[in-house]
Amino acid sequence: MKKIICKVEYDTEAAEVVLKKVNGNFGDADGYEETLYKTANGKFFLYTNGGADSKYPTEDIKRMSPAKADEWLAANA
């Protein structure tokens with residue numbers, strides 16, 4: 001997935017996966033996944049996707065500061 005946020009392109013195909021968290025099983029309406037990525041330029045973003053009843057019913061990308069990325073990692077490691 002690609003998304004442009006504040007004139008910066010975030011691309012799951014071109015970035016490095018730092019950590020992927022899966023909640024539930026494939027096909028679960030309330031299941032979802034969160035994947036933290038780091039770009040070649042050192043920017044972090046969170047890719048989210050889930051079932052219709054999850055907190056991420058549509059695929060999205062959200063940029064994250066290094067501090068927020070560290071917080072997310074600490075909470076999910």
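Modeller: Reading from the N terminus, the chain's elements go β-β-β-β-β-β-α. Keep in mind that this is a predicted model. In total the chain has 1 helix and 6 strands.

Colleague: How do you know that the radius of gyration of the chain agrees with a compact globule?

Modeller: A compact globule with 77 residues would come out near 11 Å, and the chain has 12 Å, so the value agrees with the rule. Along the principal axes, the C-alpha atoms take up a box of roughly 35 × 25 × 20 Å.

Colleague: And what share of the residues counts as buried?

Modeller: That would be 31% of the 77 residues. As for contacts with a separation of 6 or more, 33% come from residues 24 or more positions apart.

Colleague: OK, on to the rings. How many aromatic pairs does the structure hold?

Modeller: There are 3 aromatic pairs.

Colleague: Why is the pair of Y32 and Y56 called edge-to-face?

Modeller: Two numbers settle that one. The ring centres of Y32 and Y56 are 5.4 Å apart, and the cut-off for a pair is 6.5 Å. Their planes stand at 75 degrees, and anything over 60 counts as edge-to-face. So edge-to-face is the label for Y32 and Y56.

Colleague: Why does Y32 count as buried?

Modeller: Buried means under 20% relative accessible area. Y32 has 12%, so it counts as buried. Y56 is also at 12%, so Y56 counts as buried too.

Colleague: Why is the pair of Y37 and F45 called stacked, then?

Modeller: Here it's the plane angle again. The planes of Y37 and F45 are at 5 degrees and the centres 5.0 Å apart. Planes under 30 degrees apart count as stacked, so the pair of Y37 and F45 is stacked.

Colleague: Are Y37 and F45 buried or exposed?

Modeller: Y37 is buried, with a relative accessible area of 10%. F45 is buried as well, at 0%. Y37 and F45 also belong to one aromatic cluster together with Y10.

Colleague: Let's go to the loop between strand 1 and strand 2. What makes the phi of C6 worth a remark?

Modeller: C6 has a positive phi of about 50 degrees, although C6 is not a glycine. C6 is in the loop between strand 1 (2-5) and strand 2 (8-11). K7, in that loop between strand 1 and strand 2, has a positive phi of about 65 degrees and is not a glycine either.

Colleague: How do you know whether K7 counts as buried or exposed?

Modeller: The cut-off for exposed is over 50%. K7 has 84% relative accessibility, so K7 counts as exposed. C6, with 55%, counts as exposed too. N25, in the loop between strand 3 (16-23) and strand 4, is at 57% and therefore also counts as exposed.

Colleague: Why is L73 called partly exposed?

Modeller: L73 has 23% relative accessibility, so partly exposed is the label for L73. L73 is in helix 1 (residues 66-76). Leaving out residues up to four places away in sequence, L73 touches V18, L19 and L36.

Colleague: And what makes G50 partly exposed?

Modeller: G50 comes out at 25% relative accessibility, so G50 counts as partly exposed. G50 lies in strand 5. Not counting residues up to four places away in sequence, G50 touches G31, Y32, Y56 and P57. So far as the labels for Y32 and Y56 go, that's the edge-to-face pair again.

Colleague: How many Å separate the C-alpha atoms of G50 and L73?

Modeller: Those two C-alpha atoms are separated by 20 Å, with G50 and L73 23 residues apart along the chain.

Notes. Residues numbered from 1 in each chain as written. Predicted model: local features only at pLDDT ≥ 70, side-chain atom pairs only at ≥ 80, totals over all residues. Heavy atoms only, no water. Phe/Tyr/Trp six-rings, centres within 6.5 Å; stacked < 30°, edge-to-face > 60°. Buried < 20%, exposed > 50% of the residue type's maximum accessible area, 1.4 Å probe, protein only. Helix = DSSP H or I, 4+ residues; strand = E, 2+ residues; numbered from the N terminus. Rg over C-alpha atoms; globule rule 2.2 N^0.38 Å. Contact = heavy atoms within 4.5 Å.
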